[in-house]
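This report covers helix packing in one model.

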Amino acid sequence: MFDPGQEMLSAGIGEDSNGINLMEFSDEILLHILSYVPCTDLVLNVRRTCRKLATLCLDKSLTHTVLLHKEYQVNKDKVKQLMRGIGKEIHQLNMAGCYWLPSHTIDHVIRCKNLVKLNLSGCHLTSLRLSKMLSALQHLRSLAIDVNPGFDAGQLSSECKATLSRVLELKQTLYTPSYGVVPCCTSLEKLLLYFEILDRSREGLILSGQLMVGESNVPHYQNLRVFYARLAPGYVNQEVVRLYLAVLSDRTPENLHAFLISAPGSFAESGTTKNLLDSMARNVCLDALQLPKSWINGSGLLQHLKFNNPFYFSFSRCTLSGGHLILQVINGGKDLKSLTSLNLSGCIRCLSSDSLFRKAEDDIDSSILESLVVSCCNLRHLNLSAAHHHSSESLGKHLCQLLARLKHLLALALPVCSITDVSTNTDKPPVQSMTNVVPPGLGKKIRIGVPTYTKNFLEQSNQKSQSSVFWTLLENLPFLKNLELIGSNFSSAMPRNEPAIRNSLPPCSRARSVGDSEVAAIGQLTFLQNLTLAQLPSILTGSGLVSIGLQCQHLRSLSLANLGMMGKVGYMSALMDMLKHCKCLRDLRLEQPYFNANTQFFQALSHCSALQRLCIISRSGTLQFDAVMSFMANCLEVVMCHMFMGESLTICKNLQQTILQSFQADRPALNVIIFPLLHEDLTEVIRDVPMMHLDEITLFKSRVAEEPPNLWW
């Protein structure tokens with residue numbers, strides 16, 4: 001099987017100038033090194049180099065869990081070879097988001113007889129194919145699938161239903177009104193439901209959310225410990241989730257310890273949901289809680305619910321006041337060291353007193369935040385975005401100074417106006433409102449490729465930022481991996497199920513004190529991986545971005561939206577300099593009116609050799625055909641290119657078609673959408689985007705503490 005000459009060659013490759021041979025390392029060290037290599041490469045390539053690696057690559061520690069999620073170069077043939085080679089050794093298989101694989105590829109999963117955990121979310125799967133596959137997987141205990149139009153539970157065989165009856169964890173993404181396989185899963189302990197049902201079919205027909213209640217299997221929820229439901233916008237999603245909840249309201253599981261419902265907009269309570277919540281208050285003790293805002297607002301629900309070592313709370317968009325937060329959630333300062341994740345996004349009153357006359361822009365009550373910090377001292381994920389949290393001039397009571405005590409924070413989302421230095425807020429001249437759009441051609445021109453900042457300017461920005469409260473905050477959070485600074489009035493121009501937004505609210509007046517020097521402070525976060533900056537009107541040259549590019553070498557995801565004045569892109573030169581240093585960047589999202597995606601920009605972006613996904617959203621923005629094509633040819637890892645600009649439909653379609661024709665054959669996962677942002681058919685185009693891309697990058701949202709940590713894989 002092996003060529004001795006090839007074996008000698010492979011050994012020589014691992015030898016450096018000092019005569020140290022990689023193959024002389026211990027098996028333990030080599031196994032650790034090999035754990036960073038994709039499983040497909042191990043089995044199909046690396047193990048063929050020499051006898052020693054042939055043995056190590058098939059070690060149980062490397063074949064027990066196979067992750068194909070975001071392995072964009074995997075095709076149907078590689079999956080087939082992989083399953084043939086190590087199928088019987090695989091106990092956990094994650095193929096989530098492999099939308100590019102044809103449906104028959106799933107048939108090879110049957111070879112994995114010992115599978116315990118299987119994730120097929122985002123894969124093409126029919127009822128018959130699911131039935132055939134699950135019939136052979138008798139050890140399966142955890143399953144994630146999509147339920148698409150045409151799904152028929154009546155096509156599931158008795159052997160398939162027997163496997164489902166032993167499943168303990170189920171994640172379903174519903175694209176059609178259905179119970180899916182839930183009625184067959186009679187032993188469920190964890191149920192995760194993602195509702196992505198549109199109100200109208202592709203043909204324009206209005207969908208109904210009515211289901212047969214008798215199909216829901218009331219007794220089969222009695223072992224349930226975790227219930228999670230996330231709803232996309234739409235009336236039908238609300239109707240279908242009510243049917244699931246109706247079952248729980250009849251007999252609430254006694255072992256339920258996590259109850260989470262994430263619903264955008266208004267989701268009114270019903271008699272069924274009230275009965276369910278009353279039953280939960282009497283019979284269960286929770287560790288994690290998230291409810292629609294209308295279920296909490298104005299009710300005394302929280303004071304009746306019981307908690308036991310909670311690890312996750314989300315009160316996103318609720319009108320919960322600071323007083324209620326302290327009294328009802330942390331019981332006036334109760335020890336909540338177990339709490340690791342807290343989402344207060346959009347809670348405009350959560351850090352303020354209970355005064356009915358308070359305005360959203362009034363100063364926060366620092367004593368409330370201080371009580372929260374002291375009680376929840378082990379927080380790792382905290383979201384305070386989408387609100388005005390203004391600090392007073394009280395010494396040592398600034399929001400940033402108080403949050404600096406949370407030494408374990410790994411992810412933090414803040415409104416831009418919350419990080420301003422109060423003492424300097426009145427010293428800075430006002431910035432032109434973002435509503436006063438400067439049309440192209442007006443204002444001082446900024447030459448592309450010529451930096452509008454100097455080394456001396458960068459040094460001055462760093463010196464200034466080091467004296468700010470924001471610098472102090474980040475200095476005390478050295479291990480922060482995820483940071484979001486989002487304007488309290490920011491709204492994305494990218495729609496979900498509605499036309500593109502043409503107008504947005506002006507930024508908070510306090511945000512005018514946040515500019516390039518504050519952005520430069522982010523550069524001290526050595527371990528930063530994900531960064532979001534949105535609606536920072538005082539960004540002038542973008543010099544702080546260069547500091548981030550130079551110092552944050554682990555940055556993997558970058559999202560920039562509406563920086564500086566809206567009529568021109570004043571930070572273009574700095575952005576291009578930044579990108580030249582982002583060697584680990586995989587995802588880039590840019591949302592900026594009048595953005596010119598020209599040759600210079602794409603040349604700078606080509607330095608991001610690891611880039612996989614690009615999304616540009618720009619009202620009245622332009623692009624250069626040849627520049628895009630050259631970029632796609634140079635960046636071989638790019639598999640998602642979404643551009644929603646101001647170009648004509650003809651130009652967009654021609655570019656999209658040319659990219660697909662040129663690169664689809666070599667990139668099986670290639671997903672390209674080039675489309676006018678304000679076109680009336682945009683929502684129809686959006687519905688065809690793979691959910692993985694749509695949810696993670698194309699649509700803008702705050703992702704810190706969005707859901708409990710380790711909810712699934």
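Helix α13 (residues 322-329) packs on helix α14 (residues 366-375) at an angle of about 30 degrees, with the axes 9 Å apart. The model is predicted: local features need pLDDT of at least 70, side-chain atom pairs count only at pLDDT 80 or more, and totals for chains, interfaces and linings use all residues. Residues are numbered from 1 along each chain as its sequence is written, and side-chain values use heavy atoms, without hydrogens and water.

Helices are DSSP runs of H or I, at least four residues, numbered from the N terminus. Axes are lines fitted to C-alpha atoms over the stretch in contact, and angles run from 0 to 180 degrees between N-to-C directions.

α13 and α14 are therefore roughly parallel (angles under 35 degrees; oblique is the class left after over 145, roughly antiparallel, and 65 to 115, roughly perpendicular). α13 passes α14 in a left-handed crossing (the near helix is turned anticlockwise from the far one by less than a right angle). Gly322, Gly323, Leu325 and Ile326 of α13 contact Ile368, Ser371 and Leu372 of α14 (heavy atoms within 4.5 Å).

Next comes the other pair.

| Helix pair | Angle | Axis distance |
|---|---|---|
| α13 and α14 | about 30 degrees | 9 Å |
| α9 (residues 235-250) and α10 (residues 271-283) | about 40 degrees | 9 Å |

That angle makes α9 oblique to α10. The crossing of α9 past α10 is left-handed. On α9, Arg242, Leu245, Ala246, Leu248 and Ser249 take part; they meet Thr272, Thr273 and Leu276 in α10.

Technical notes. Helix = DSSP H or I, 4+ residues; strand = E, 2+ residues; numbered from the N terminus.
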